[in-house]
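Trainee: Could you take me through the salt bridges of this chain, one by one, and show me where their partners sit?

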Amino acid sequence: DLVNIEECDRLARLPDSVVCSSGLDLNFDYLLEKLWEYLDLIRVYTKRKGDMPDFQDPLVVRKGCTVKDACHAIHRSLVKDFKTAAVWGTSTKHNPQRVGINHILEDEDVIQVIKKM
């Protein structure tokens, strides 16, 4: 906001930089998009049996995350009680697909964990 247009243009052309303005509320969507890209973050949604997926509160994990990592993010004891998981999304061939603990999740996948009895 305190930078002239020439300096703003110069900064915008630098690699790994995003120019935004809090006073004019400009470019915050692009800044958020770049932050997710640089941090390699993805969203994984959870689903309880018989319910719709919870699209309001995703697990935010690193790209390349496995089902084991997602279970660990939900609760530490979930990994030892893990039996299988049902996954909907781009990481599977069909929806839902039963997967093991080492299955790699992708952005916006939905996971339903099935525990041992």
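Mentor: Happy to. The chain has three helices and five strands, taken as DSSP runs numbered from the N terminus (H or I for helices, at least four residues; E for strands, at least two). Along the sequence they come in the order α-α-β-β-α-β-β-β. With a radius of gyration of 19 Å against the 13 Å that the globule rule gives for 117 residues, the chain is more spread out than a compact globule; that radius is taken over C-alpha atoms, and the rule is 2.2 Å times the number of residues to the power 0.38. The C-alpha atoms fill a box of roughly 65 × 30 × 25 Å along the principal axes.

Some ground rules before we zoom in. This is a predicted model, so local features need pLDDT of at least 70 and side-chain atom pairs count only at pLDDT 80 or more, while totals for chains, interfaces and linings use all residues. Residues are numbered from 1 along each chain as its sequence is written, and side-chain values use heavy atoms, with hydrogens and water left out.

Now the bridges. A search of the whole structure turns up six salt bridges, each being a side-chain nitrogen of Lys or Arg within 4 Å of a carboxyl oxygen of Asp or Glu. Side chains of opposite charge can pair when their charged atoms come close.

Start in helix H2 (residues 28-39), which holds both Lys34 and Glu37, three residues apart, or about one turn of the helix. Their closest N and O atoms are 3.2 Å apart. Lys34 is buried at 15% relative accessible area, whereas Glu37 is partly exposed at 41% (buried is under 20%, exposed over 50%, partly exposed in between, with a 1.4 Å probe and protein chains only).

Just after H2 comes Asp40, with a positive phi of about 55 degrees. Asp40 bridges to Lys63, the closest N and O atoms being 3.9 Å apart. That pair links distant parts of the chain, 23 residues apart: Asp40 is in the loop between H2 and strand E1 (41-46), and Lys63 in the loop between strand E2 (54-62) and helix H3 (67-74). Asp40 is partly exposed at 36%, and Lys63 is exposed at 56%. Asp40 also turns up beside Val61, which touches Asp40, Leu41, Ile42 and Val44, leaving aside residues up to four places away in sequence; touching here means heavy atoms within 4.5 Å.

Next, Arg43 and Asp107 meet at 2.9 Å, N to O. This pair spans 64 residues, from Arg43 in strand E1 to Asp107 in the loop between strand E4 (97-99) and strand E5 (109-115). Both are partly exposed, Arg43 at 27% and Asp107 at 33%. Shared partners join Arg43, Asp107 and Glu108 into one network of salt bridges.

For the nonpolar side of the picture, the largest nonpolar core has 16 residues, and Val44 and Val61 are among those with the most contacts inside it. Such a core is a set of buried Ala, Val, Leu, Ile, Met, Phe, Trp, Tyr and Cys residues joined through side-chain atoms within 4.5 Å. E1, E2, H3 and strand E3 (82-88) each supply at least two of its residues.
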